[in-house]
Amino acid sequence: MGAMVDYEIKTRRFTRAEYERLIELGVFQPGEAIELIGGELMVAEPQRAPHYTAIRKTAKALEAAFGPGWEVRTQGPIGLDDESEPEPDVAVVPGAPDDYARAHPTRPVLTVEVAESSLALDRQRKGSLYARAGLPDYWVLNLVDRVLEVYREPVADSATPFGWRYGRGEVLDTSALVTPLGAPGSSIPVARLLP
Amino acid sequence: MNQAERTGLHRWTRHEYERLMDHGFLDEDDPVELLDGLVLVKEPQHSRHRTAVLLAARALERAFGEGWFVQTQSPIVLDDRSEPEPDVCVVRGSPRDYVDAHPTRPALVVEVAQSGLRLARGRKARAYARARIADYWIVNLIDRVLEVHRAPARPGPARRHWGYAAIETLGADATLTPLAAPSAGVRVADLLP
């Protein structure tokens, strides 16, 4: 994490195993929206109505696009790596709910974050983290500019928070259609995702 | 990565922090402290840092004398979200007075800073000022000076705006008097390794 040495502060990092134990022990207050990102405990942005509406609309559109055999999760944990357990706003994973009764999914074919105040975090820090994990298709639904940012093709880049970033980024406005990599036969109007 | 992007960090309460200890996630020897709800990893203890801590402890024991004791790198309680472990602090009474609870209002707090200078001047100074610590010294190992912070004040309305209104930088040839030990003189040279 070479790019992170400039911190004024360095906080104690937690592993994913420690984080899951903290949850089991009930150390966090119920309802606290916490995710483990690169060993740091991050608090998710408070959900305003447009944010949650965007999540529901995106989940419905992706359920229709992917069809049977895929599970669309909203704000569910992903066992990303040894120091990360994010809860992306929407994630598409293979299979059915019972497949993840014992362990969280690890590699969504599509990961979506809905961003208002968290735009910089979602693009840079989470983008770098998801790229490092090799997630092939990462979308940031940008409510500020009312566009969909589509990130693909992870590449190494030591100047980023986790040493990786997406090599391709495309910005689609409300007139565009988007096709998930994991559902090549489908096409979703961007307007259908936005609140 | 600037501070603004880190505002989303989870803030621990002191109660939660203590549960981390109870459950073995942290132990007393871990080089961490709770400041503003963040579990901070402390500056690595180089031999110069350690030497400065011991020098300050010795000088302050001499300056304060009876009725006070000096603790090094031990916890104090500032508020619900802060339980820092200052390098040196001077506390009224005797160690037995604090057998049930950490001291809350030391008469003098000293931090020895090298790589942690920004933290000592920034977030820590704000937290100590907010807790009305009247006398806060930073032994600045980079410039070999003592930075004396006094007169905690809050110019703005928000919590984060607490700070020290009087900050003085003293060179090695200076002598100063701790606020709570008005008849004592401490030579800055005696604090520098």
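# Exercises on a predicted two-chain model

Strand S1 (residues 34-37) of chain A pairs with S2(A) in the antiparallel sense over 4 bridges; two strands pair if DSSP finds at least two bridges between them, and helices (H or I, at least four residues) and strands (E, at least two) are DSSP runs numbered from the N terminus. The model is predicted, and local features need pLDDT of at least 70, side-chain atom pairs count only at pLDDT 80 or more, while totals for chains, interfaces and linings use all residues. Residues are numbered from 1 along each chain as its sequence is written, and chains are lettered from A and ligands numbered from 1 in the order in which they are written.

## Exercise 1. The hairpin and the chain contact

**Task.** Describe the hairpin of S1(A) and S2(A), then determine which element gives the most to the side of chain A that touches chain B.

**Solution.** 
1. Within the strand pair, A:Ile37 stands opposite A:Glu40 in S2(A).
2. The hairpin has 2 residues between the strands, and A:Gly38 takes a positive phi near 55°.
3. The contact between the chains takes 19 residues from chain A and 19 residues from chain B; two residues are in contact if their C-beta atoms, placed from the backbone, lie within 7 Å.
4. On the side of chain A that touches chain B, two or more residues each come from helix H1 (16-25), strand S2 (40-43) and helix H3 (119-132) of chain A.
5. S2(A) gives the most to that side, with 4 residues.
6. By class, the side of chain A that touches chain B has 12 nonpolar, 1 polar and 6 charged residues. Here Ala, Val, Leu, Ile, Met, Phe, Trp, Tyr, Cys and Pro count as nonpolar, Asp, Glu, Lys and Arg as charged, and the others, Gly among them, as polar.

## Exercise 2. Two residues of chain A

**Task.** Is A:Phe66 buried or exposed, and which residues does A:Pro136 contact beyond its neighbours within four places in sequence?

**Solution.** 
1. A residue is buried if 20 or more other C-beta atoms lie within 10 Å of its own, exposed if 12 or fewer, and partly exposed in between, with C-beta atoms placed from the backbone.
2. A:Phe66 is found in helix H2 (residues 49-66) of chain A. Because A:Phe66 has 20 C-beta neighbours inside 10 Å, this residue counts as buried.
3. Not counting residues up to four places away in sequence, A:Phe66 touches A:Val72, A:Val92, A:Gly182 and A:Ala183.
4. The C-alpha atoms of A:Phe66 and A:Pro184 are separated by 9.1 Å, although the residues are 118 residues apart along the chain.
5. A:Pro136 lies in the loop between H3 and S6 of chain A and, with 19 C-beta neighbours inside 10 Å, counts as partly exposed.
6. Leaving aside neighbours within four places in sequence, A:Pro136 is in contact with A:Val109, A:Arg152 and A:Leu181. The C-alpha atoms of A:Pro136 and A:Val109 are separated by 6.4 Å.

## Exercise 3. Chain B and the nonpolar cores

**Task.** Characterise chain B by its elements, and identify the residues with the most contacts inside the largest nonpolar core.

**Solution.** 
1. Chain B has 3 helices and 10 strands, which run α-β-β-α-β-β-β-α-β-β-β-β-β from the N terminus on.
2. Of the 193 residues of chain B, 38% count as buried.
3. The largest nonpolar core has 49 residues, and those with the most contacts inside it are B:Ala56, B:Leu60 and B:Val139. A nonpolar core is a set of buried Ala, Val, Leu, Ile, Met, Phe, Trp, Tyr and Cys residues joined through C-beta atoms within 7 Å.
4. Helix H2 (residues 47-64) of chain B gives the most to this core, with 7 residues.
5. A second, separate core of 42 residues includes A:Leu36, A:Leu80, A:Val112 and A:Trp139.
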